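Subject: Structure handover

Hi,

Here is the structure you asked for. Please open it alongside this note, and my findings follow below.

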Amino acid sequence: MKWAASLLRDLAGWLRREPVSVPEGGRAISHSADARLAIWAVTAADLVVEAVVDAVVPATLRVFHLLWVGCALVLCAGVCAMTARTPHLLDGRVLRLRTGPFRELTLPMSHVMSVRAEHGLTVGHGLRRSPDDAEAVACSVGSATTVLLVLAAPVEVRVRRGAPVLARRVRFSADRPAEAARLIREAAGGGPVRAPPTFVVRCATKEDSHRRARVSRVGRVDVTARTRAGWDWLRGPERWTRRALAVDLALVGVLVVLGLGVEELDHGSLRRMLTSAAAVALLVLLRRRLPVATLVVAAAVSPFLPGTLLVTSLLGWSAGRRIVGVGRALGAFAVAFVAEVGLSVVQQSYMRPLLVIVFSALMFLATTVMPGLASRYWSQRRTLLRALQERNGQLLRERAMVAGQARLRERQRIAQDMHDSLGHQLALISVHTGALEVDPKLTDHQREAVGVLRQASVAAMHELREVVGILRDGVEAPAPVEEAAQPAARGVAGIAGIVEAARGAGTDVRLTTSGQPRPLAAACDHAAYRIVQEALTNAYKHAPGARITVELRYEDDSLVVEIANGPAAAPGDAEVVSGGQGLTGLRERARLVGGMVYAGAADGGGFRVAGVLPYGAEPAGAEEPADDFGQRARPAASKDAPPMDWAAVDRELEVRGRSRTGGVALGCGIAFAAVVLLVIAVGAGVALVVSSAMDAMISRADFDAVRVGEPERAVRDRLPDGENFMTSGMEGKGPARPEGSHCLVLLSEEDSQLTTDTAFRFCFKDGKLVDKQAYEVEQ
């Protein structure tokens with residue numbers, strides 16, 4: 001009772017346009033305009049349905065039906081009045097957010113940390129908890145919210161259902177979210193809450209006339225800028241390319257020609273044809289910028305301009321794809337449906353209203369609703385696929401980044417271990433060999449061998465420093481001073497040096513070169529050096545004392561590096577340490593530059609390593625491994641593609657969880673829609689039956705006006721044709737008919753009873769009416 005009294009009081013104040021009471025120094029923040037629009041749209045659609053139902057309701061029940069319709073109108077108008085006359089209230093100390101007819105959420109302004117306009121969806125209505133955020137609550141008439149309020153400290157909020165929530169974030173709806181956020185921000189920051197601007201009216205002076213003259217001159221100069229601004233507004237948020245413009249102009253041409261054909265079939269005047277063509281062109285060009293307005297206008301003018309009937313399919317397709325939000329789309333199509341059906345009844349007033357309503361409803365469903373549903377499905381499917389592709393690419397990129405970080409951490413760990421252990425051992429070797437080299441007891445040959453060992457340890461230290469730098473930072477360490485003067489020391493030019501060092505250590509090594517030397521890429525040059533170095537090292541370890549040959553062959557398309565050694569002259573050392581990764585590393589290094597490495601036994605018991613390195617090849621880089629489905633991270637989208645609006649995607653593709661109340665509401669909605677469709681079908685069937693029955697019925701006065709002896713043609717012109725299932729079989733009933741005659745049987749409009757019908761029989765012979773009879777026939 002309290003709720004009904006408040007509803008009627010707000011409705012009376014809304015109808016009298018009484019101002020909303022606001023505390024002194026405060027401001028009102030309006031909300032729920034979209035909900036009111038949806039309520040009015042549904043109400044208008046319900047009135048159309050109720051008009052159809054009223055045509056088939058018996059006269060004894062029509063009073064109750066009209067009472068029900070009146071109560072529904074009062075209820076809808078009262079709900080709209082309550083939402084309009086209970087705004088959110090803001091003053092310098094507190095913010096009162098309306099959560100229902102008699103409930104509000106009061107928040108101290110000192111607790112507000114930040115506020116911003118942000119669209120969101122939270123299932124339910126009133127004050128409720130957010131299902132995806134344990135520290136957030138929402139308060140709005142519908143599911144949509146437009147403002148996010150972040151609190152500095154949690155506030156205990158008692159929601160409609162469930163335990164209280166310690167909320168740090170509050171979502172609510174406002175008709176102008178940006179302005180509401182600004183007002184709350186100013187009030188929370190201690191700034192003044194500005195009142196609406198006031199305007200002062202004063203008399204014009206001579207100075208004002210001069211100023212207007214200057215402004216007019218500037219306005220004439222700025223026509224181009226205004227035209228450009230108007231064109232930008234006309235294009236709307238979508239890019240209007242030349243291709244899109246050409247497609248629109250082609251659509252205008254096709255629809256105008258088809259519309260003129262429809263107007264010609266309807267015997268339209270020249271003025272109406274030109275108006276129809278202009279309306280089609282304007283609606284097609286504006287459908288991108290104003291999908292709702294063009295849909296409603298086309299539905300409203302189609303009963304008066306038949307040439308615009310075909311454009312409704314295009315506008316329905318455009319509106320279904322471009323209107324964001326299911327509620328707004330439903331409201332737009334409902335308003336268009338009411339406009340088309342209502343104006344069709346007005347325009348075709350000479351026909352039965354029920355038939356016009358049924359036919360117009362079916363036409364609207366076929367020409368507007370079906371294209372809109374197909375367009376919305378296609379648009380949502382395309383949006384879903386694009387969102388899945390974007391998120392899949394993002395996940396692949398994130399996976400690659402995580403894998404790269406893991407590799408980097410592992411490389412840094414390996415580099416640290418190598419620096420701490422191997423670096424220390426090589427430093428000791430270098431120090432001891434340096435001290436041994438100056439020992440006076442050594443012979444010249446021994447001192448030369450110790451020098452070679454010291455140089456090898458120093459070179460190993462430099463190589464270790466380079467490897468550690470690459471592992472740790474991903475870049476090569478700076479070359480030592482002695483190698484800076486010889487930049488090719490680690491390439492093909494340095495192979496002779498390591499061969500000479502091997503000879504100095506007492507190994508029989510021979511180097512041969514054939515072909516015309518050609519420049520190599522840095523990666524290939526270094527790969528050739530590493531192949532020779534690794535092959536010589538393996539020969540030292542596994543075939544000591546064996547003869548080694550190193551051959552460099554410059555062929556037409558590649559450099560061939562071949563190292564072969566004979567069988568070992570002495571048994572190898574069993575304690576030789578080998579990591580087993582040398583040849584594997586050579587193969588990978590050659591693969592990265594487009595070459596290959598072969599390693600295997602040679603004729604005569606030796607071993608052979610050969611590498612083929614192409615000229616001018618740059619490092620190919622490590623190919624990113626594919627995932628379990630063979631996918632790799634795709635490159636970023638082109639700059640021309642618009643960024644993905646994830647908030648809009650979530651709003652468009654959101655699947656709401658169904659609560660018990662939502663399930664009941666959905667079931668009631670489905671039942672209501674089924675009843676409406678059933679009523680329309682039954683009404684259409686009844687209308688067709690009644691229309692058919694009228695072709696087989698006449699009144700008693702018409703029967704009495706027909707005289708025996710009148711010509712058959714004159715009688716038949718005055719009577720219905722009688723071809724109806726209701727008169728089937730009645731010709732043989734009643735009195736005997738004259739011999740050789742053929743008869744026409746009709747039913748009486750007034751004398752029919754529950755169990756019997758009154759039949760009128762007219763018998764003709766030789767072109768004249770020879771007999772007429774009236775008799776009772778059992779049903």
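Is arginine 182 buried, partly exposed or exposed? Arginine 182 is partly exposed, with a relative accessible area of 31%.

One caution before the details. This is a predicted model.

**Overall picture**

The protein chain has 779 residues, and 34% of them count as buried. It contains 22 helices and 18 strands. Take the contacts between residues at least 6 apart in sequence: 66% of these join residues at least 24 apart. The chain exposes about 46,700 Å². Carbon and sulfur atoms supply 61% of that area.

**Salt bridges**

There are 18 salt bridges in the structure. Here are some of them.

Start with arginine 182. Its side chain meets that of glutamate 186 in a salt bridge, at 3.2 Å from N to O. Both residues belong to helix H4 (residues 177-188). They are four residues apart, so about one helical turn separates them. In general, an α-helix has 3.6 residues a turn, so residues three or four places apart point the same way.

Next, glutamate 135 and arginine 169. Their side chains form a salt bridge at 3.6 Å, N to O. This pair links distant parts of the chain, 34 residues apart. Glutamate 135 lies in the loop between strand S6 (126-129) and strand S7 (136-140). Arginine 169 is in strand S9 (residues 165-172). Glutamate 135 is partly exposed at 34% relative accessibility. Arginine 169 is partly exposed too, with 23%.

Then arginine 272 and glutamate 263. Their closest N and O atoms are 2.7 Å apart. Arginine 272 is partly exposed, at 22%. Glutamate 263 is buried, with a relative accessible area of 0%.

There is also a network of salt bridges. It links Glu551, Arg553, Glu555, Glu562 and Arg608.

**Helix H8**

H8 covers residues 270-286, which makes 17 residues. From first C-alpha to last, H8 reaches 24 Å. That is close to the 24 Å expected at 1.5 Å a residue. Which residues of H8 are buried? They are Met273, Ser276, Ala277, Ala279, Val280, Leu283, Val284 and Leu286.

**Strands S16, S17 and S18**

S16 and S17 run antiparallel, joined by six bridges. S17 and S18 are antiparallel as well, paired over ten bridges. S17 is mostly covered, with eight of its ten residues buried.

Leucine 744 stands opposite phenylalanine 762. In S18, the bridge partner of phenylalanine 762 is lysine 772.

Serine 748 sits in strand S16 (residues 742-748). What does serine 748 contact, leaving aside its neighbours within four places in sequence? It is in contact with Met697, Ile698, Thr758 and Phe760. Serine 748 is buried, with a relative accessible area of 0%.

Now the turn between S17 and S18. Aspartate 766 lies in the loop between strand S17 (756-765) and strand S18 (768-778). The hairpin has two residues between the strands. Aspartate 766 has a positive phi of about 55 degrees, although it is not a glycine. Aspartate 766 counts as exposed, at 72% relative accessibility. The cut-off for exposed is over 50%, so aspartate 766 passes it.

**A nonpolar surface patch**

Which residues make the nonpolar surface patch of about 320 Å²? They are Trp14, Leu15 and Trp40. Leucine 15 is in helix H1 (residues 2-15). At 62% relative accessibility, leucine 15 counts as exposed.

Best wishes

Key: Residues are numbered from 1 along each chain as its sequence is written. This is a predicted model: local features need pLDDT of at least 70, side-chain atom pairs count only at pLDDT 80 or more; totals for chains, interfaces and linings use all residues. Side-chain values use heavy atoms; hydrogens and water are left out. Buried means under 20% relative accessible area, exposed over 50%, partly exposed in between (1.4 Å probe, protein chains only). The expected span of a helix is 1.5 Å times one less than its number of residues. Contact means heavy atoms within 4.5 Å. Patches are made of residues with over 30% relative accessible area and no salt bridge: like charges are joined within 9 Å, nonpolar side chains (Val, Leu, Ile, Met, Phe, Trp, Tyr) within 5 Å. Accessible areas come from the Shrake-Rupley method with a 1.4 Å probe; for residues, only the protein chains shown count as cover. A salt bridge is a side-chain nitrogen of Lys or Arg within 4 Å of a carboxyl oxygen of Asp or Glu. Two strands pair if DSSP finds at least two bridges between them.
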